[in-house]
Amino acid sequence: MSTTPRYDVYAGIHKALRLFMSRTLCTLGSTDPANPHELDAALDLLQRLLALCELHLKDENEFIHPALERAKPGTSARIAGEHEHHAEAIAALWAQRDALRQAAPEARATALTRLYRELALFVADNFQHMEFEEREHNAILWAHYSDAELSAIEQALVASIPPEAMMEALHWFIPALNASERVGMLGGMQQGMPAPVFEGVLQIAERTLAPQAHAELLRALGRGEPQRLAA
């Protein structure tokens, strides 16, 4: 039996989402409701998370689920139902976020605690959801598709993502991946992107990675020693 890892269409985005969800949850939990600037920053972060979650649902529904159905009809039904539940939960979180923005100062602490706890439930549900996809859906995909076919499905998915949304997602992909995964992803981008666009990707890497990890990435990409952005 081969032990060579198979192509995993879920691995990268799920790592990014786990990091983004965890960071946002911790930020909401530590936010001072009496500090308007701190509260605005936390709610802006939540807005970015919810937008990426909405895009992720759309992408899986349009690209991954049809592949599952072609392989084994009915396979995507459970997760498709969970996606509907997640869409409802996202809408509720949007509404709570908006209500907190408009809340009177004396009501903000209670509203923030409620939002934090609702997001915690959403994150917990998503962590279990992603584990099921990685375990059960990957088994079906690997049984019916070659790695080249799975890569083509993922490339079609990526090509459908608006550039602004892709750059936002990279803020979480790059730090969430391990060093070899990061080099593999950015190495492919370096080959396939116009140089000015890839420079923007490298700037995201500089902002989101620790200095040592950033330096190691540049060396692996053949870019030499980094020159840090001005503060």
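## Loop between α3 and α4

Glu-106 sits in the loop that joins α3 (77-102) and α4 (108-144). The model is a predicted one. With a relative accessible area of 67%, Glu-106 is exposed, because the cut-off for that class is over 50%.

Ala-34 is 72 residues away from Glu-106 in sequence, and the two C-alpha atoms are 8.7 Å apart in space.

## Packing of α2 and α6

Helix α2 (residues 36-71) packs with helix α6 (residues 163-176) at an angle of about 110°, and the axes are 11 Å apart. The angle makes α2 roughly perpendicular to α6, since angles from 65 to 115 degrees fall in that class. The crossing of α2 past α6 is left-handed.

On the α2 side, the contact is made by Leu-45, Arg-48, Leu-52 and Leu-55. Helix α6 contributes Ala-165, Glu-168, Ala-169, His-171 and Trp-172. By class, the residues of this contact are six nonpolar, one polar and two charged.

## Aromatic pair

One aromatic pair is found in a search of the whole structure. Its members are Phe-20 and Trp-172, with ring centres 3.9 Å apart and 10° between the planes. The pair counts as stacked, because the planes are under 30 degrees apart.

Phe-20 belongs to helix α1 (residues 11-30) and Trp-172 to helix α6, so the pair ties together parts that are 152 residues apart in sequence. Both Phe-20 and Trp-172 are buried. Trp-172 is also among the α6 residues that make the contact with α2.

Note on methods
Residues are numbered from 1 along each chain as its sequence is written. This is a predicted model: local features need pLDDT of at least 70, side-chain atom pairs count only at pLDDT 80 or more; totals for chains, interfaces and linings use all residues. Side-chain values use heavy atoms; hydrogens and water are left out. Axes are lines fitted to C-alpha atoms, for helices over the stretch in contact, and angles run from 0 to 180 degrees between N-to-C directions. Helices (H or I, at least four residues) and strands (E, at least two) are DSSP runs, numbered from the N terminus. Angles under 35 degrees count as roughly parallel, over 145 as roughly antiparallel, 65 to 115 as roughly perpendicular and the rest as oblique. A crossing is left-handed if the near helix is turned anticlockwise from the far one by less than a right angle, and right-handed if clockwise. Contact means heavy atoms within 4.5 Å. Ala, Val, Leu, Ile, Met, Phe, Trp, Tyr, Cys and Pro count as nonpolar, Asp, Glu, Lys and Arg as charged, and the others, Gly among them, as polar. Rings of Phe, Tyr and Trp (its six-membered ring) pair if their centres lie within 6.5 Å; planes under 30 degrees apart count as stacked, over 60 as edge-to-face and the rest as tilted. Buried means under 20% relative accessible area, exposed over 50%, partly exposed in between (1.4 Å probe, protein chains only).
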